[in-house]
Amino acid sequence: MKPLRSHALAIGARWRPKGAFIGVGASGNASTVAETAWKTEPVMPVQMPLIPPERLAQAGKILFIAHLALGDFTYLQSCFRALAQACPQLEIHLWVDERRRTANAAEWPHLKAYALYDWLAECPFIAKVYNETYSPALFERSLAAAQREDYPLVVSLAVLERHKYAILARKISPRGFVVGQKKRVRPYDLMKYLIYRKLDASIPAYSAASHRGQHISDIYAGWFTQLFGMDIPADARFPVLDIGERWMRYAHEQFVAWGLRPAPGLAGRPPARVVFLNAFSKCAERSWPLERIIGLIRTMRCDPAWCDTGFVVNVVPEELARARALFDGEGLTRTHLFSAEDNFFQLPAILSLCDLVISVETAVMHLANAVQVPVIALMRQKNPEWAPIDRDNSTIITVAGRDDWVDRIGVHDVMAVLAQRTGAQQMADPA
């Protein structure tokens, strides 16, 4: 048989916390092993930390600076939670820097409505969030507000343009203890050398090569070990989502409205399975064209194993109008566009009711792990540390070349993996 241009492979077992599983929240929908893991008191200290213990004990608050995406927070949340448990006297504040900051007012509505802010607002272990950094004027206003806080501790977790965030951290706290990410400085780059000298301590920059074999959750936990001398157990690094009853009710009602579930008390024949499809990432090199999603739906419908499938197609809010115009002309039955326009938790709630998620390299594949839905992830080769954490529920299709974009993965590659899954299920359940 001709080998596929893309390769399907399972995630290494070292990334799977043994015995951990995630339900759909603490609202009575399901219980989780991970919920008890969070209650485990972090062990402190395990090494000499970058932030002296006496400074940490005396500080009433700490500011973290990061250019956070949903995927980042999926795994960083365990670190913040562990710090809050270990240092209950410490208020954790978070500066979310918007790297798409612009003076173009037309871009502000969708930047302001970034789904991550909904999630952060529900986190009891984060006391304050600076989330208005998407315009130059709001950035300056947020900067002035942060300076008035007179933070005794500031930590930059930024991994892009680290020197610029080192400047920002020191600007926010001229007299505080400031830690930042630090990359190797070339001899001729005197300016960066002088910038990094203003840090009181630094975390070395990481790369996939320098942390070969580690998952991103391991790398993040390692940062907090360096910073605070605390250990975050492996089973406490698994992503947790408390969706809440309101959003689970919304998801069930939406499935009924789409005809993917029978209405309560009424007989009906819903689709045999529901597949969630996501082609969107912030970066073009990690995205699929929507036309390929349409091609995948049509191809799956021609396969007897998937002919009765219902599809939910995820669309980012700013692309919803274009997607509707595209799909309206295709006449696809049992196919529904979805966008979390009102609240972030709409997304994981809908995901939790699906039978399979097929997603490009973005937060959706990590959220699928969090709600325990099997996922097929389409990924580049460049960042293997960002693979989904749940080995048993995840399959990865990687591009063939290191510099290839995700759109080099074709419909036939996904169908090959689906055929393998179908065959394996039939062997497991011959009846």
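Predicted model: local features only at pLDDT ≥ 70, side-chain atom pairs only at ≥ 80, totals over all residues.
Residues are numbered from 1 along each chain as its sequence is written, and side-chain values use heavy atoms, with hydrogens and water left out.

**View 1. A salt bridge joins Asp-150 and Arg-175.** The N to O distance is 3.0 Å; a salt bridge is a side-chain nitrogen of Lys or Arg within 4 Å of a carboxyl oxygen of Asp or Glu. Asp-150 sits in the loop between helix H6 (136-149) and strand S5 (153-156), and Arg-175 in the loop between helix H7 (162-172) and strand S6 (177-182), so the pair ties together parts 25 residues apart in sequence. Helices (H or I, at least four residues) and strands (E, at least two) are DSSP runs, numbered from the N terminus. Asp-150 is partly exposed at 42% relative accessibility, whereas Arg-175 is exposed at 66%. Here buried means under 20% relative accessible area, exposed over 50%, and partly exposed in between (1.4 Å probe, protein chains only).

**View 2. Asp-189 meets Lys-192 in a salt bridge.** Their N to O distance is 3.8 Å. Asp-189 is partly exposed at 22%, and Lys-192 is partly exposed at 29%.

**View 3. Asp-404 pairs with Arg-408 in a salt bridge.** The distance is 3.4 Å, N to O.
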